Amino acid sequence: MDVPGFAVVTGAASGIGRATAAAFALEGAAGVALLDINPHALNDIKREIEQALANGKNKTNPCRLEIHPLDVSDEDQVNAALDAIAQSFGRLDYVVNAAGIAMKHSGGAAFVQTPDWQRILDVNLNGTFFVLRAAARIMLEQAPIPSSARDGRPLQRGSIVNFASIQGVVGIALSTAYAATKHAVIGLTRTASEDYAKDGLRINAICPGYTETPLTMKDPQVFAAMQERVVSAVPMQRIGRPEEIADGVLYLAGGRSSFVTGSALMVDGGYTCR
Ligand SMILES: NC(=O)c1ccc[n+]([C@@H]2O[C@H](COP(=O)([O-])OP(=O)(O)OC[C@H]3O[C@@H](n4cnc5c(N)ncnc54)[C@H](O)[C@@H]3O)[C@@H](O)[C@H]2O)c1
């Protein structure tokens with residue numbers, strides 16, 4: 001996947017962020033910083049990745065793992081964490097914004113509670129922006145590096161992958177705040193990618209479809225409704241696995257996507273092609 005550099009993953013304690021952090025480590029990243037609001041789960045996933053590295057084919061991979069508990073909706077915490085990681089690793093090559101929360105609003109847009117609306121915007125949109133801003137400031141200052149493909153591709157200064165969703169391009173009932181934030185993440189990705197395309201800093205979004213993670217499985221009613229919907233609305237007629245989304249993230253982050261910026265990659269079993 002051409003990800004030999006240093007990665008930062010938010011939302012790394014669960015679901016897709018967790019699978020993404022593990023994938024970077026197992027695909028040869030020099031270091032992975034795991035960020036999440038849940039410190040206990042961060043410790044568990046770090047141990048899990050260390051174990052996977054020890055059991056893996058490439059036992060000599062010296063991948064450095066760091067954990068940084070933080071709330072992405074707090075800009076001071078975000079700035080401090082990203083500065084500390086850049087100091088410790090020496091540079092930031094791939095920054096993945098996977099932290100996110102979701103909620104259905106009973107009764108739809110007319111009945112959304114303002115605190116619910118605000119919290120979802122704070123985490124999904126402001127959090128993504130704070131991490132993107134802190135990462136871009138650091139990446140713009142660092143020297144660009146060649147792709148490990150070594151085929152003469154232009155140098156890459158850094159790569160940021162934001163998490164949108166199928167709800168970044170379509171609406172789903174009762175998802176007022178969530179769908180609004182995911183549409184906004186695609187807008188943020190497009191405008192920021194324009195700002196730095198010429199500087200070797202690429203910014204893309206990934207749009208997962210229904211994926212088996214605690215976000216979708218912890219509420220049995222939500223999970224049952226999703227399973228029903230999958231049969232009629234997803235051409236592949238199945239739910240995705242976190243590892244399948246992580247593969248899309250690594251493609252967008254690494255040197256193999258050297259001519260891709262400002263894109264929104266659908267990884268959704270065909271949901272949005274209908
Ligand atoms: N699972 C799906 O079907 C699906 C579909 C489309 C998009 N997504 C998006 O993928 C991303 C990952 O979702 P997931 O399904 O793995 O969810 P998840 O609930 O399994 O993981 C989300 C992680 O984000 C962390 N987090 C939440 N608020 C935070 C905050 N303020 N600061 C730091 N960390 C915080 C949580 O602790 C958790 O570890 C999210 O952005 C989500 O919107 C998921």
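Where does the ligand sit? I checked the pockets, and the ligand sits in the largest pocket.

Next I asked which elements build the shell around it. Those that give two or more residues are α1 (15-26), α4 (114-141), α5 (176-196) and α6 (214-217). I noted that α6 gives the most, with 3 residues.

Then I listed the neighbours. I found 29 residues surrounding the ligand, and the closest are Ser-14, Ile-16, Asp-36, Tyr-178 and Thr-213. Sorted by class, the shell has 16 nonpolar, 9 polar and 4 charged residues.

Ile-16 has a backbone N or O atom 2.7 Å from an oxygen atom of the ligand. For Ile-37, a backbone N or O atom lies 3.3 Å from a ligand nitrogen atom. Asp-71 uses its side chain: one of the N or O atoms there is 2.8 Å from a nitrogen atom of the ligand. I also looked up the cover, and the protein hides 93% of the 830 Å² of accessible area that the ligand has on its own.

Last, a confidence check, since this is a predicted model. The mean pLDDT of the protein chain is 96, and 99% of its residues reach 70 or more.

How values were computed. Residues numbered from 1 in each chain as written. Predicted model: local features only at pLDDT ≥ 70, side-chain atom pairs only at ≥ 80, totals over all residues. Heavy atoms only, no water. pLDDT = per-residue confidence, 0-100. Near = heavy atom within 4 Å. Polar contact = N/O pair within 3.5 Å; in protein donor to acceptor, adjacent residues only side chain to side chain. Areas by Shrake-Rupley, 256 points an atom, 1.4 Å probe, with all protein chains shown as cover. 1 Å grid on protein atoms, 1.4 Å probe; cavity = no way out; pocket = protein on both sides within 12 Å on 5 of 7 lines; lining within 4 Å. Sits in = over half its atoms within 2 Å of the grid points. Helix = DSSP H or I, 4+ residues; strand = E, 2+ residues; numbered from the N terminus. Nonpolar A, V, L, I, M, F, W, Y, C, P; charged D, E, K, R; others polar.
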